[in-house]
Amino acid sequence: MAEYFETDDVTRGYDSNIARRILSYIKPYKALAVFTMLALILSTLGELLSPVIIRQAIDDVLMKSWYGIDISVKGSEADKVIKLQDSDPVIQGKAYVRTSRLGGLSTVEKNDLTARKLFDPTEYYLFRIDEGNAAQSALRAERPELFASEGQWACIARDKLRALPAAEAAGLRRADSLDLGRYVIALLVVMVFILIGTFFMNYFSNLVSVKVMKDLRMQLFGHVLTRSMAFISHQPVGRLVTRMTSDVETISEFFTDVLSAFIKDGSIMVGSLIVLYMFDVRLALVVTASIPFVLFASNIARKRSRDAYRKQRQWTSKVNAYIAEHISGIEVVKLFSKEEASKKEFAEHDANLKQANLGEMYVYATFRPIVDLLSTITTVIALCVGAWFYLSHSISLGTLIAFVNLIGMFYSPIKDVAEKYVNLQSAMAGAERIFGLLDAKEEIIDAPKMPMPSVVRGHIQFEKVWFAYKEEDWVLKDVSFTVEPGQMVAIVGYTGAGKTTITNLVTRFWDIQKGSIRIDGNEIRDLPLDGLRRSIQPVPQDVFLFAGTIADNIRLGTEVSEERMRIAAEAVHANEFIEALPKGYGSELAEGGSNLSQGQRQLISFARVLAHDPSIIILDEATSSVDTETEKLIQRGIEGLLSGRTSIVIAHRLSTIRNADKIIVLAHGKIVESGTHDELISRQGLYWNLYRLQNSGIVS
């Protein structure tokens, strides 16, 4: 039961070969992948552009500051850093430059220039003279002592600007208000592009993942359908279901939560560092210095989260298995009064699951605060260093504020790295299990050397057949017999003699190791597999009905007419109880046909086989699940319908095969007797003994 819910190791490291194989499923959807990348680039660029715009808005509008440099400095050693240009505004012998131009000057150089009156440390606000601005013109006319002007430029000290009444300051800075509006619009446009880019990135990445999931499930389902019974018999059903559901879901997470997230987070982190270095190398080095600590913490969190996640999945699997097992066997639990013992045992499992969940929680509860702490420390250091640079006129206020935003952007993806790495490991493990199933080569080879004959007469020949399910543990040993067209041949023997195995070999559910099996003289391996199985229809011991209508279960998706379906049902006397149902052939069946009796399910399986009109019919313990009265009805229907068809009947009830043309008796994988009922009774061999035991010693 433990294998029903996946108990394999659920995490493994990154594997480039598996990753490449996963990515190969994107090939049919290259266009969608390209659109995803374009949307990702768009949103990433937008997020990186936002702090740049904010910085420019602060420096160019809100805190626009200028400093005066005597033009005689031009050509000096200091000018190699300042780089005075002809386009710089010049007022009364001073060229005015922005704060960013002074970043390369040391404090000693600034103090020296100030002492020589070549550098004015006063902070100024520069503006273009606009005669059309009435408020500006009036203020300059009324208070000319506040301003210095030359040509089209004028300036005012920042402290004097702050002392002006709000209305006068607003009139003087009308151009700045217009510029600020442009920056706001630009920022809104960028935010819209981020929204659009993020939407389409998520949409296209999810669309790709859904399509890949569909393709994988179809490939897996088709692959399992073509595997041999030898392979399927060694695979728990729950494991195969897990491959097609949970493991495929991990591949979906690989595209939505891992691949696109890693690419975007990596782009944001690298992009943030690039922008930081573009703004100011000195402050960027402060952020870079914290990276080794972040990597160290991330590596520890990665290992801890992997172990915690593994334990959580393992105990979840055990709890699920325990619940499923005890609910399925709840009748036994009640009969033996094991309720309290079961509750106690489950409480232990549940407590272990709780501890595993808490362990996973502790990892995230520890790692995230550590990353937050590193982010905060880095931000504080950057602010302290940046404030000192700002006070010494080395950087602008906008640059300092942009740094704080970019540091937040740099650390934000790291906070989720542990969770994303676990998703990556889970995807790798799920993909490995999926590809392990897809790479399984155990299948019945369908390589026909001839087309299926248009008419199958039904001549069956076993010639020196040897077969084993495991290596040389032979189930059939040197079995040879012939079934003539139209004959009814019965196979009997004790349990484990190999009766059902013969029916599986005729339909090529398994392939023999030695000998040959022929249909109408043709080796069955040389015939198309689908044609062979259309010509041979078995009725297995365990009837399986699908959820759906009775008509659907009889037709099984093939073109079976209404008339033919009813004739088949009438032949096996299933029509009587079907017509008595409220919706007749349209009545819905529960899963496995559980809303019908066992005998009714058996009758429907007979009707299903007969409706497909095969040339050869195999009845494997066909009447073992019906009562005596129903058995008589079925026998009458089968006798009429088997006329002209070859049939192999395997039965424990020897009374049902008295009229067989030939009875083959198996023991220990060998044919020990064959003949008609009367012949075998007269020999008083193994068949006579079986018949005597079933009929309480009465032999006729």
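## Strand 17 and its neighbours

Strand 17 and strand 18 (residues 670-675) run antiparallel and are joined by 5 bridges, where two strands count as paired if DSSP finds at least two bridges between them, and where strands (E, at least two residues) and helices (H or I, at least four) are DSSP runs numbered from the N terminus. Within this pairing Val665 stands opposite Glu673 of strand 18. The two strands form a hairpin with 2 residues between them, and His668 in the turn has a positive phi of about 55°.

Strand 17 also runs parallel to strand 9 (residues 488-493), to which 5 bridges join it; here Val489 has Lys662 of strand 17 as its bridge partner. Strand 17 (residues 662-667) is mostly covered, with 5 of its 6 residues buried, buried meaning under 20% relative accessible area, exposed over 50% and partly exposed in between, for a 1.4 Å probe and protein chains only.

## Basis of the model

This is a predicted model, in which local features need pLDDT of at least 70 and side-chain atom pairs count only at pLDDT 80 or more, whereas totals for chains, interfaces and linings use all residues. Residues are numbered from 1 along each chain as its sequence is written, and side-chain values use heavy atoms, with hydrogens and water left out.

## Aromatic contacts

The structure holds 20 aromatic pairs, counted where ring centres of Phe, Tyr and Trp (its six-membered ring) lie within 6.5 Å, with planes under 30 degrees apart called stacked, over 60 edge-to-face and the rest tilted. Phe127 and Phe147 form an edge-to-face pair, at 5.9 Å centre to centre and 85° between the planes. Because Phe127 lies in strand 4 (residues 119-128) and Phe147 in the loop between helix 5 (134-142) and strand 5 (148-150), the pair ties together parts 20 residues apart in sequence. Both Phe127 and Phe147 are buried.

Tyr469 and Trp510 also form an edge-to-face pair, with 4.7 Å between centres and 85° between the planes. Tyr469 counts as partly exposed at 34% relative accessibility, while Trp510, at 13%, counts as buried.

## The largest pocket

About 1800 Å³ of space lies in the largest pocket, the volume being the space filled by probe spheres set on grid points joined across faces, edges and corners. A pocket is an open set of points on a 1 Å grid over the protein atoms alone, where a 1.4 Å probe fits, with protein on both sides within 12 Å along at least five of seven lines; lining residues have an atom within 4 Å of a point. The lining comprises 38 residues, of which Phe509, Arg533, Pro538, Phe546 and Leu556 lie nearest the centre.
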